[in-house]
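Hi everyone, thanks for making time for this. I'd like to walk you through one model, strand by strand, and then turn to the charged side chains. Here it is on the screen.

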Amino acid sequence: NLSKGAVKKRAGKRSGVRRSAKRALTVKKKWLALILAGQKKWEIRGSSTAKRGWIHFAESQAGGKLMGRARLVDCFPASRKSFMRNFHQHKVSSLSMVPYHTPYAWVFEDSEKFRKAFQYEHKQGAVIWVDV
């Protein structure tokens, strides 16, 4: 009975994480792997966000998979000078790879990759945020 209890406890924790996901940020596989490994702290986007707290991640073009989550703690415009100086935070090798007039750094902490991805129905047209 103890082993069954441990299994149920893990299942309850996992379903709680899934229930807490309302929206997810879509990120390309290459960048998402770095974020969830804790190696990429800044996600570069073309607009700011007022959201803070736990953000779930959906892998872009993966057909509806929630891969992990992290805490969004800050967002600020990244000047050309700060962009080049902070390669270790965002891992983008050149500013020419960034298509945005004003790039914004979305700052993440406490990233965690789910052991098993959660499935959700990805609505057509959802590019940045997706309802899950």
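Let's begin with strand β3, residues 53-59: five of its seven residues are buried, so β3 is largely enclosed by the rest of the structure. Please keep in mind throughout that this is a predicted model.

Who are the neighbours of β3? On one side of the story there is strand β1, residues 23-27, which runs parallel to β3 and is joined to it by four bridges. If you want a pair to click on, Val27 has Glu59 as its bridge partner in β3. Then there is strand β4, residues 65-77, which pairs with β3 in the antiparallel sense over six bridges. Here Ile55 stands opposite Ala70 of β4. Together β3 and β4 make a hairpin with five residues between them, and Gln61 in that turn has a positive phi of about 60 degrees.

Now over to strand β2, residues 42-45. Which way do its side chains point? Trp42 and Ile44 go one way, Glu43 and Arg45 go the other, and all of them are buried. β2 pairs with strand β5, residues 104-119, in the antiparallel sense, over four bridges. Within β5, Trp106 is the bridge partner of Glu43.

That brings me to the charges. How many salt bridges does the structure hold? There are six. Let me show you some of them.

Next, Arg23 forms a salt bridge with Asp131, their closest N and O atoms lying 3.1 Å apart. Arg23 sits in strand β1 and Asp131 in strand β6, so this pair ties together parts that are 108 residues apart in sequence. Arg23 itself is partly exposed, with a relative accessible area of 38%.

My last pair is Arg71 and Asp110, whose side chains meet in a salt bridge at 2.6 Å, N to O. This one links distant parts of the chain, with Arg71 in β4 and Asp110 in β5, 39 residues apart. Arg71 counts as partly exposed at 28% relative accessibility, and so does Asp110 at 43%.

One stop remains, Val132, in the segment after β6. At 26% relative accessibility, Val132 counts as partly exposed. Its C-alpha atom is 6.8 Å from that of Glu121, eleven residues away along the chain.

Thanks, everyone!

Note on methods
Residues are numbered from 1 along each chain as its sequence is written. This is a predicted model: local features need pLDDT of at least 70, side-chain atom pairs count only at pLDDT 80 or more; totals for chains, interfaces and linings use all residues. Side-chain values use heavy atoms; hydrogens and water are left out. Buried means under 20% relative accessible area, exposed over 50%, partly exposed in between (1.4 Å probe, protein chains only). Helices (H or I, at least four residues) and strands (E, at least two) are DSSP runs, numbered from the N terminus. Two strands pair if DSSP finds at least two bridges between them. A salt bridge is a side-chain nitrogen of Lys or Arg within 4 Å of a carboxyl oxygen of Asp or Glu.
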